[in-house]
Amino acid sequence: MSVHEQSGNVSGKMSGLKAPFFVYQKKLEMVEDLLNELLECSNNGDIIIVEGKRDIISLRKLGFSGDIELATHRPLTELTSKVVDSGKRAIILTDWDRRGDLLASKISEDLRYFDVDVDMYVRERLSSMVKKEIKDVESLHSYVTKLRKLAGNPHQAV
């Protein structure tokens, strides 16, 4: 790596990147910090709620082994009942499109009615970080992999 690359003074034309090198490094650091926070919550027993099976696959590839529940493919009352019965905190991680926003709002409302501790903040922070590049949780693994390559950390763990 050249001195210019290390200092982040690489122009987009010279490197083929759309932004300076340090931008990708900073973005990766921010996303991985949030994912590590989410992973810690998951490891401590919190339930992560996602929209689809591909979202689960993406999170599993990122190292998540805790409880991940689907918000689709079954009635929301069934999901609500399962989370309420678990007595655990719920982290809503639906996609950051209109459908995901509506689903997150409905799930949150239902769970809060039953006094479940609901976290929507992780979703909001993640969305604000990656919304311009990706639109859903299922793309998260490939996005992080791409950022790692661009930032020079291809084998970094979450």
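The partners are Tyr113 and Phe114: their ring centres are 5.1 Å apart and the planes sit at 85°, so we call the pair edge-to-face. Keep in mind that this is a predicted model.

How exposed are those two residues? Tyr113 is exposed, at 67% relative accessible area, while Phe114 comes out as partly exposed, at 45%.

Staying in that stretch, have a look at Asp115. Its phi is near 60°, a positive value in a residue that isn't glycine. As a reminder, most residues other than glycine have a negative phi. Asp115 lies in the loop between helix 6 (98-113) and strand 4 (118-119), and with 70% relative accessibility it counts as exposed.

His73 also has a positive phi, about 70°, and again it's not a glycine. You'll find His73 in the loop between strand 2 (68-70) and helix 5 (76-86). His73 is exposed too, with a relative accessible area of 67%.

Which helices each supply at least two residues of its lining? That would be helix 3 (21-43) and helix 8 (140-151), and helix 8 gives the largest share, four residues. If you want to click through the lining, the residues include Val23, Tyr24 and Lys27, plus Tyr143, Lys146, Leu147 and Leu150. Lys18, Ala19 and Glu133 line the pocket as well. By class, that lining is six nonpolar and four charged residues, with no polar ones.

Conventions. Residues are numbered from 1 along each chain as its sequence is written. This is a predicted model: local features need pLDDT of at least 70, side-chain atom pairs count only at pLDDT 80 or more; totals for chains, interfaces and linings use all residues. Side-chain values use heavy atoms; hydrogens and water are left out. Rings of Phe, Tyr and Trp (its six-membered ring) pair if their centres lie within 6.5 Å; planes under 30 degrees apart count as stacked, over 60 as edge-to-face and the rest as tilted. Buried means under 20% relative accessible area, exposed over 50%, partly exposed in between (1.4 Å probe, protein chains only). On a 1 Å grid over the protein atoms alone, a cavity is a set of points where a 1.4 Å probe fits but cannot get out, and a pocket is an open set with protein on both sides within 12 Å along at least five of seven lines; lining residues have an atom within 4 Å of a point. Ala, Val, Leu, Ile, Met, Phe, Trp, Tyr, Cys and Pro count as nonpolar, Asp, Glu, Lys and Arg as charged, and the others, Gly among them, as polar.
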